[in-house]
Amino acid sequence: MIRVRGLRKGYASNPVLKGIDLDIGAGEFVVVLGQSGAGKSTLLRCMNRLVQADSGELQVAGIDAMGAGCPRDLRRQVAMIFQHHNVVPRLSVLKNVLTGRLGSLSTLASVLQLFRRSDEALARNCLQQVDLQHKAEARTDSLSGGQRQRVGIARALAQRPKVILADEPVASLDPKTARRVMQYLRDATRELGITVVCNLHQVDLAEEFGDRIIGLAQGRLVFDSQHEVLDEASLQRIYPQPERVEEGQHVAVAVARLHLQGGL
């Protein structure tokens, strides 16, 4: 489903991705761990062409993501879930979810937001998958942060993509709400067979929800749970300088270490 070979991306004189090689199969739920600046967000943004990689090979959902004419086709197959929801507050919950269907409409219908009855039925079904069907007519700005993130998941599901990229989708949520949102994301995508690549800082959530965990450090792939065990040595490779880790990440790593030691 996703094939990455020798992927490199830099900004000015700052190399961010330094030759990533990675294969992700159809239906996998892959969690990416790493410090801020490790290259997690850049990797996802290369996958959906929000940024153009400098060199390497990148195929996503059967599409050459390095190709000159690929973005529109790619974004029909690849949905994105953002950290800060990216919903339109004044629109209803249902209308926000329906925006996930815009790529399937003609240009005129898209501009005028002329959705089909089948689109509305699909959007309502997606809201049901994240347990928000009762909020369909509510203004989105009346919802809690966790509910807004579930609207973002429903919008991604309504797109009917082959791949969902989630960039730290629970970073701004409290632990209980974060776990609930991750549960909805995993259950809904597993039911539909969607491949998910999800950036997280929370190591405990990665272990709980990921079918597979990969770790990035300084722009390189340093851990893959297909072949390794997430232990203290692995955490040291993913987070090589704990004293410089941001406070939220430091707590997550500490919790993971307690878990590995049997203290939780």
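Modeller: Start with burial: a residue is buried when its relative accessible area is under 20%. The model is predicted. By that cut-off, 6 of the 8 residues of H1 are buried, and H1 is mostly covered.

Colleague: Which residues of H1 are the buried ones?

Modeller: They are Lys-40, Thr-42, Leu-43, Leu-44, Cys-46 and Met-47. Just after H1, Arg-49 has a positive phi of about 65°.

Colleague: Why is the contact of Asp-141 with Arg-139 called a salt bridge?

Modeller: The rule asks for a Lys or Arg side-chain nitrogen within 4 Å of an Asp or Glu carboxyl oxygen. The closest N and O atoms of Asp-141 and Arg-139 are 2.6 Å apart, so the pair qualifies by that rule. The count by this rule is 15 salt bridges.

Colleague: How do you know that Asp-204 and Arg-179 form a salt bridge?

Modeller: Their N to O distance is 3.6 Å, within the 4 Å limit, so the term applies. This pair links distant parts of the chain: Asp-204 is in helix H8, Arg-179 in helix H7, 25 residues apart. Asp-204 is partly exposed because its relative accessibility is 26%. Arg-179 is partly exposed too, at 31%.

Colleague: And Glu-28 with Arg-212: what is the N to O distance, and are the residues buried or exposed?

Modeller: The distance is 3.2 Å, in a salt bridge between the side chains. The two residues sit 184 apart, Glu-28 in the loop between S2 and strand S3, Arg-212 in strand S9. Both Glu-28 and Arg-212 are buried. With Asp-224 they are linked in a network of salt bridges.

Colleague: Now the sheet. What is the strand order?

Modeller: The order is S2-S1-S4-S5, in an open, antiparallel sheet of 4 strands.

Colleague: Why are S2 and S5 at the edges?

Modeller: Each has a single partner strand, so one side of each lacks a neighbour in the sheet. H1 packs on this sheet, touching S1, S2 and strand S4. The directions of H1 and S1 make about 115°.

Colleague: How do you know that S1 and S2 pair?

Modeller: Pairing needs at least two bridges; S1 and S2 have 8, so they pair, in the antiparallel sense. Arg-8 stands opposite Lys-18 in S2.

Technical notes:
Residues numbered from 1 in each chain as written. Predicted model: local features only at pLDDT ≥ 70, side-chain atom pairs only at ≥ 80, totals over all residues. Heavy atoms only, no water. Contact = heavy atoms within 4.5 Å. Axes fitted to C-alpha atoms, helices over the stretch in contact; angles between N-to-C directions. Buried < 20%, exposed > 50% of the residue type's maximum accessible area, 1.4 Å probe, protein only.
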